[in-house]
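Hi everyone, thanks for making time today.

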Amino acid sequence: MSIDQNTAAKVAKLARIKVEDDALPALAAEFNTILEFIEQLNEVDVEGVEPMTSVTPQRLKRRADVVTDGNQQDRILSNAPDAREGFFAVPKVME
Amino acid sequence: MSDLNKLGLAEARDALRKGETTSVELTQACLTAIDKADALNAFVHKTPEIALERAAAADARLKQGDAPAMCGLPVGIKDLFCTKGVASQAASNILEGFVPEYESTVSQQLADDGAVMLGKLNMDEFAMGSSNETSTYGNAVSPWRREGSDAQLTPGGSSGGSAAAVAADLCLAATGTDTGGSIRQPAAFTGTVGIKPTYGRCSRWGVVAFASSLDQAGPMTKSVRDAAIMLEAMSGHDPKDSTSADLAVPNFEAMLTGDIRGKKIGIPREYHMEGMPAEIEKLWAEGRDMLKAAGAEIVDISLPHTKYALPAYYVIAPAEASSNLARYDGVRYGNRATLEAGDGITEMYEKTRAQGFGDEVKRRIMVGTYVLSAGFYDAYYNRARRVRSLIKQDFENVFAAGVDAILTPATPSAAFGLGEMSDADPVAMYLLDVFTVTVNLAGLPGIALPAGLDSQGLPLGLQLIGRPWEEGDLLNTAYALEQSTGFVAKPGNWW
């Protein structure tokens with residue numbers, strides 16, 4: 001499996017990270033180095049082995065489905081880069 | 001008492017309880033040491049006012065006789081832990097200016113016990129790195145130097161600031177976190193002790209997430225006894241972290257008898273790596289002989305899937321990171337890129353993340369995005385999770401055969417120079433975690449402790465791996481080994 005510049009550009013887009021066109025060849029090369037390393041995993045016989053979902057075999061705890069917290073709008077907005085009138089503000093999403 | 005900052009936790013605790021010193025005196029000694037050590041770039045947000053306030057409160061508590069073990073002891077906190085009202089930015093530019101409205105459970109537990117926070121410690125960005133060279137604050141520098149050289153060395157990573165601060169006596173101990181070796185590798189590079197407990201022993205709540213199925217917090221200290229004391233204070237069930245275990249936390253310190261007679265110690269043959277320096281092989285053999293002399297039985301064991309641990313890790317950890325780091329979008333906290341007229345929300349995301357994240361973090365997010373993307377999920381991500389099951393099974397098999405602990409080197413080399421690995425490809429840096437990463441994949445406790453010096457006078461560490469939830473027994477084996485090695489070397493003060 002080899003990654004070309006188009007694939008690198010697609011991955012960057014999916015990850016929502018802007019990568020300039022002239023940086024794509026180097027990025028694709030790095031991906032290939034890492035993927036080559038990862039592909040050692042193809043040597044392992046994993047027939048019949050379940051993918052691990054939890055490293056400790058413990059049942060997740062349950063709790064009552066009730067409100068336990070809230071009413072802290074100011075604290076939630078305190079670190080926002082742009083907060084207005086009690087909301088997070090972002091550039092226009094729809095025309 | 002002089003040089004109070006050079007004390008360990010146990011000595012300082014005993015001195016406080018006997019009234020031989022005060023928390024304010026201990027704290028002032030550390031604050032003075034910190035201010036003289038800017039060259040190490042270990043403390044990146046200093047909090048002297050908070051420290052002195054907590055120290056005074058601790059002294060009042062000590063006077064009343066209400067004093068848990070950590071009461072009055074000055075420690076450093078890795079920047080990955082959110083601390084209320086104090087900058088917490090995971091050494092990333094994208095979280096510049098972020099001041100949490102809440103406190104991580106682990107740092108809260110330490111504070112509740114009366115521990116004194118001196119400030120926040122340098123680290124690799126989002127804990128991704130093995131040399132503390134990916135930090136937005138710049139490199140943390142090891143207090144150790146090669147004999148006859150003034151080249152700057154790495155304290156290791158990602159908990160590099162924690163390791164440098166403890167080794168240079170800027171604090172009595174520090175918190176670290178470990179996803180693939182980020183407590184144990186820096187501990188080994190700096191002649192300090194670091195334990196990563198069983199997955200689920202410490203709450204992850206309020207610790208900036210890197211790879212949630214692998215991340216664990218743990219203490220970085222000057223001795224095994226100190227590690228036992230601080231781990232107990234950091235451990236315990238937390239309803240806010242569904243993966244934290246609802247198990248009683250033992251008194252780990254009380255389990256340090258030094259008696260390991262009859263314990264079975266496994267030596268995994270797959271950890272003899274090609275090209276490993278002779279000094280590391282020698283250190284490992286000496287460790288084995290010491291444990292034997294202390295009455296343990298040494299057995300050769302096999303962990304056949306060891307070779308595949310790093311490749312599996314470099315699928316699973318980036319996959320989880322790409323999900324966890326999706327939250328840094330310039331909307332709710334941290335930095336937002338300056339936008340141009342006409343830029344929409346997609347440009348805001350893409351520019352914010354391009355400017356906010358460093359190269360290694362971007363690389364891992366994108367690798368993670370790729371292995372999770374449609375068409376590759378089974379081939380990479382699910383395959384890696386299957387291999388992870390096999391790696392865990394390897395350990396289960398040897399534990400079922402009666403092995404109590406496993407002895408390995410902590411790192412494949414001593415600390416290297418800052419910048420020395422800058423031309424290497426990313427995989428060369430990943431290989432530094434070859435002995436530690438298996439432990440995270442299997443969710444086991446692992447401890448690194450100093451065992452000797454190399455020919456250039458740099459510390460080398462050994463690692464012991466224990467059974468799940470048996471940190472007490474593991475610490476006791478480490479305690480016995482610590483007594484045998486008699487490691488006392490400290491770096492000269494050049495900074």
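I'll start with a pair of helices in chain A and then move on to a sheet in chain B. Please keep in mind that this is a predicted model.

So, chain A. When two helices pack, we describe them by the angle and the distance between their axes. Here, helix H1 (residues 5-14) of chain A and helix H2 (residues 24-38) of chain A have axes that come within 9 Å and cross at roughly 90°. Who makes the contact? On the H1(A) side you'll find Gln5(A), Ala8(A), Ala9(A) and Val11(A), and H2(A) brings Leu24(A), Pro25(A), Leu27(A), Ala28(A) and Phe31(A). Of the residues in this contact of H1(A) with H2(A), 8 are nonpolar, 1 is polar and none is charged.

Now, over to chain B. It has an open sheet of 11 strands with mixed pairing, in the order S1-S3-S2-S4-S6-S5-S10-S11-S9-S7-S8. Strand S1 (43-46) and strand S8 (297-301) of chain B are at the edges with a single partner strand each, so each has one side without a neighbour in the sheet. From one strand to the next, the twist averages 30°.

Let's zoom in on one pair. Strand S7 (residues 264-268) and strand S9 (residues 405-409) of chain B run parallel and are joined by 2 bridges. Gly266(B), for instance, has Ile406(B) in S9(B) as its bridge partner.

Finally, helix H8 (residues 278-293) of chain B packs on this sheet, where it touches S7, S8, S9, strand S10 (446-453) and strand S11 (459-466) of chain B. The direction of H8 makes about 50° with that of S11(B).

Key:
Residues numbered from 1 in each chain as written. Chains lettered and ligands numbered in written order. Predicted model: local features only at pLDDT ≥ 70, side-chain atom pairs only at ≥ 80, totals over all residues. Heavy atoms only, no water. Axes fitted to C-alpha atoms, helices over the stretch in contact; angles between N-to-C directions. Helix = DSSP H or I, 4+ residues; strand = E, 2+ residues; numbered from the N terminus. Contact = heavy atoms within 4.5 Å. Nonpolar A, V, L, I, M, F, W, Y, C, P; charged D, E, K, R; others polar. Pairing = 2+ DSSP bridges.
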